[in-house]
Amino acid sequence: MEAIVVEDLSKSFGGLRAVDRISFDVRRGEIFGFLGPNGAGKTTTVRMLTGIIKPDAGRATVLGYDVVDVEEPLRVKERIGVLPEVANPYPDLSAWRNVMLAASLHGVPRKEAERRAKALLKEFGIYERRKSKVKTFSKGMKQRLMLCIALVSDPEILFLDEPTSGLDVQSARMIRQKILELQKEGKTVFLTSHNMQEVDMLCDRIGIINRGRIVTSSPD
Ligand SMILES: Nc1ncnc2c1ncn2[C@@H]1O[C@H](COP(=O)(O)OP(=O)(O)OP(=O)(O)O)[C@@H](O)[C@H]1O
Ligand SMILES: [Mg+2]
């Protein structure tokens with residue numbers, strides 16, 4: 001089964017066609033790169049696929065669940081991890097509490113959540129700062145924390161919206177390395193980027209979007 005199937009998906013904001021009848025498939029276990037310039041429609045696509053906004057038209061399934069169906073977005077949310085474009089952890093909670101909260105929302109048992117939270121925060125170099133309120137974190141620290149939050153539920157599919165944008169070279173490398181490791185563990189990754197080199201380095205297949213339209217994609 002395909003991990004993601006998108007058919008003629010569209011979304012307009014007022015008169016603007018942000019996403020215009022796009023179609024593509026993402027296979028299980030692949031890293032799919034969704035490449036395009038600013039304003040192309042990448043984030044809008046991610047938001048539709050992760051159940052945050054409703055498409056105007058078309059169809060999409062994630063792990064076989066219809067993202068337009070009112071019932072199913074909740075069920076699919078348990079099995080996906082999302083790194084949104086703008087890092088949005090709860091600023092008045094500590095890093096630790098943020099990760100544990102995400103785990104509990106996904107139904108991860110407490111002991112297991114603690115084990116995973118510790119391992120992830122260590123891996124991403126923020127364990128020492130786990131008790132600090134997140135509003136004291138730098139942008140790069142928040143971005144790494146958001147990745148811990150996305151991963152703590154051990155999701156089958158990860159949606160990463162420009163995960164390395166604005167990060168220093170070392171943090172970007174850490175995140176790219178992690179994406180490759182996740183694939184080795186059998187995860188599917190949907191990665192948006194405007195960085196051709198990054199996509200080239202990481203992705204098995206790609207779709208290129210411009211002004212809401214897919215202009216090129218890897219063959220099926
Ligand atoms: N909530 C919204 N209301 C109005 N217009 C929106 C909204 N969200 C996105 N748009 C518009 O839709 C188009 C696509 O935006 P989107 O954020 O999907 O692009 P993107 O490919 O993610 O760009 P970037 O690389 O800058 O993140 C843009 O023209 C944007 O202004
Ligand atoms: Mg975007």
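**H3 and H5**

I started with the crossing of H3 and H5, which is right-handed (left-handed would have the near helix turned anticlockwise from the far one by less than a right angle, right-handed has it clockwise). This is a predicted model, where local features need pLDDT of at least 70 and side-chain atom pairs count only at pLDDT 80 or more, while totals for chains, interfaces and linings use all residues. My numbering runs from 1 along each chain as its sequence is written, with chains lettered from A and ligands numbered from 1 in the order in which they are written.

I looked up the axes of H3 and helix H5 (residues 139-151): they come within 8 Å and cross at roughly 25°. That makes H3 roughly parallel to H5. My terms: angles under 35 degrees are roughly parallel, over 145 roughly antiparallel, 65 to 115 roughly perpendicular and the rest oblique. Axes are lines fitted to C-alpha atoms, for helices over the stretch in contact, with angles from 0 to 180 degrees between N-to-C directions. Helices (H or I, at least four residues) and strands (E, at least two) are DSSP runs, numbered from the N terminus.

From H3 I noted Ala95, Asn98, Val99 and Ala102, which meet Leu145, Cys148 and Ile149 of H5. Contact here puts the C-beta atoms, placed from the backbone, within 7 Å. By class I get 6 nonpolar, 1 polar and no charged residues (Ala, Val, Leu, Ile, Met, Phe, Trp, Tyr, Cys and Pro are nonpolar, Asp, Glu, Lys and Arg charged, the others, Gly among them, polar).

**H3 and H4**

Next I took helix H3 (residues 95-105) against helix H4 (residues 110-123): the axes come within 10 Å and cross at roughly 135°. The two are therefore oblique to each other, and I have this crossing as right-handed. H3 brings Ala95, Trp96, Val99, Met100, Ala103 and Ser104, and H4 brings Ala113, Arg116, Ala117, Leu120 and Leu121. I sorted that contact into 9 nonpolar, 1 polar and 1 charged.

**Domains**

The chain splits into domain 1 (1-79 + 156-220) and domain 2 (89-154), with bounds from an automatic or database domain assignment. I find their centres, over C-alpha atoms, 23 Å apart. Each side gives 8 residues to the contact. On the domain 1 side I see 4 nonpolar, 2 polar and 2 charged.

**Ligand 1**

Last, I checked the 13 residues around ligand 1, of which Phe13, Ala18, Lys42, Thr43 and Thr44 come nearest. Near means a C-beta atom, placed from the backbone, within 6 Å. Strand S2 (16-27) and helix H1 (42-49) each supply at least two shell residues, and H1 has the largest share, 3 residues. I class the shell as 4 nonpolar, 7 polar and 2 charged.

Key. Two residues are in contact if their C-beta atoms, placed from the backbone, lie within 7 Å.
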